[in-house]
Amino acid sequence: MPTRDLESWMWAEACAMIDRADRLHRQFFRPSTMKSRPPSWEPPVDIYETQYEFKIMIALPGVNPELVKVMLEKDHLVVSGKRHLPVSAETDIRRLEIPYGRFERIIDLPAGHFEIGNRDFLNGCLLISLRKI
């Protein structure tokens with residue numbers, strides 16, 4: 001492959017990667033789609049399943065655990081709350097990448113019956129145990 005074609009190909013690949021990263025970034029911080037609820041952001045989630053339970057880890061850096069609600073609604077687990085901006089009104093913000101304000105994450109559950117078990121905050125993440133009953 002001639003050098004010029006290789007450079008063009010590398011440039012096109014780099015631009016495509018940047019576009020994919022930008023789409024992922026926008027998807028991560030997209031507002032929830034529920035019409036009846038106020039605008040919010042969705043925190044990322046990891047879900048692990050064992051024979052007896054689901055372990056759900058939700059990234060909530062800087063969120064006060066007392067401001068988090070966890071509810072079972074039909075076939076969904078709903079986690080909501082608020083992350084306050086940790087600065088005063090006089091502060092000049094130089095960069096803001098961690099979202100703040102109201103958040104909500106609705107997690108679809110498989111068919112079955114569940115009950116919320118332990119709720120622990122570990123290293124900026126909420127770990128929820130959802131027992132299968």
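**Contacts, strands and exposure in a predicted model**

Biologist: What makes Ser129 and Arg131 count as residues that Gly117 touches?
Modeller: Gly117 touches both Ser129 and Arg131, with residues up to four places away in sequence left out. The cut-off for contact is heavy atoms within 4.5 Å. The model is predicted.

Biologist: Where does Gly117 lie?
Modeller: Gly117 is in strand S6, residues 114–122.

Biologist: How far apart are Gly117 and Ile128, in sequence and in space?
Modeller: The two are 11 residues apart in sequence. Their C-alpha atoms are 6.9 Å apart.

Biologist: Why is Lys74 called exposed?
Modeller: Its relative accessible area is 86%. Exposed means over 50%, so Lys74 qualifies. Lys74 sits in the loop between S3 and S4.

Biologist: What is the phi of Lys74?
Modeller: The phi of Lys74 is positive, about 55°, although Lys74 is not a glycine.

Biologist: Why does Asn123 count as exposed?
Modeller: Asn123 has 83% relative accessibility. The threshold is over 50%, so Asn123 is exposed. Asn123 belongs to the loop between S6 and strand S7, residues 125–132. Its phi is also positive, near 50°, in a residue other than glycine.

Biologist: What is the strand order in the open sheet of three strands?
Modeller: The order is S3-S4-S5, and the pairing is antiparallel.

Biologist: Why do S3 and S5 stand at the edges?
Modeller: Strand S3 (69–73) and strand S5 (101–108) each have a single partner strand, so one side of each lacks a neighbour in the sheet. From one strand to the next, the twist averages 20°.

Biologist: How do you know that S4 and S5 pair?
Modeller: Two strands pair if there are at least two bridges between them. Strand S4, residues 76–83, is joined to S5 by eight bridges, so the two pair. They run antiparallel.

Biologist: Which residue in S5 stands opposite His76?
Modeller: Asp108 stands opposite His76.

Biologist: What makes S1 and S2 a pair?
Modeller: Strand S1 (residues 45–49) and strand S2 (residues 53–59) share five bridges. A pair needs at least two, so S1 and S2 meet the criterion. Their sense is antiparallel.

Biologist: What joins S1 to S2?
Modeller: A hairpin does, through three residues.

Biologist: Which residue in S2 is the bridge partner of Glu49?
Modeller: Phe54 is the bridge partner of Glu49.

How values were computed
Residues are numbered from 1 along each chain as its sequence is written. This is a predicted model: local features need pLDDT of at least 70, side-chain atom pairs count only at pLDDT 80 or more; totals for chains, interfaces and linings use all residues. Side-chain values use heavy atoms; hydrogens and water are left out. Helices (H or I, at least four residues) and strands (E, at least two) are DSSP runs, numbered from the N terminus. Axes are lines fitted to C-alpha atoms, for helices over the stretch in contact, and angles run from 0 to 180 degrees between N-to-C directions. Buried means under 20% relative accessible area, exposed over 50%, partly exposed in between (1.4 Å probe, protein chains only).
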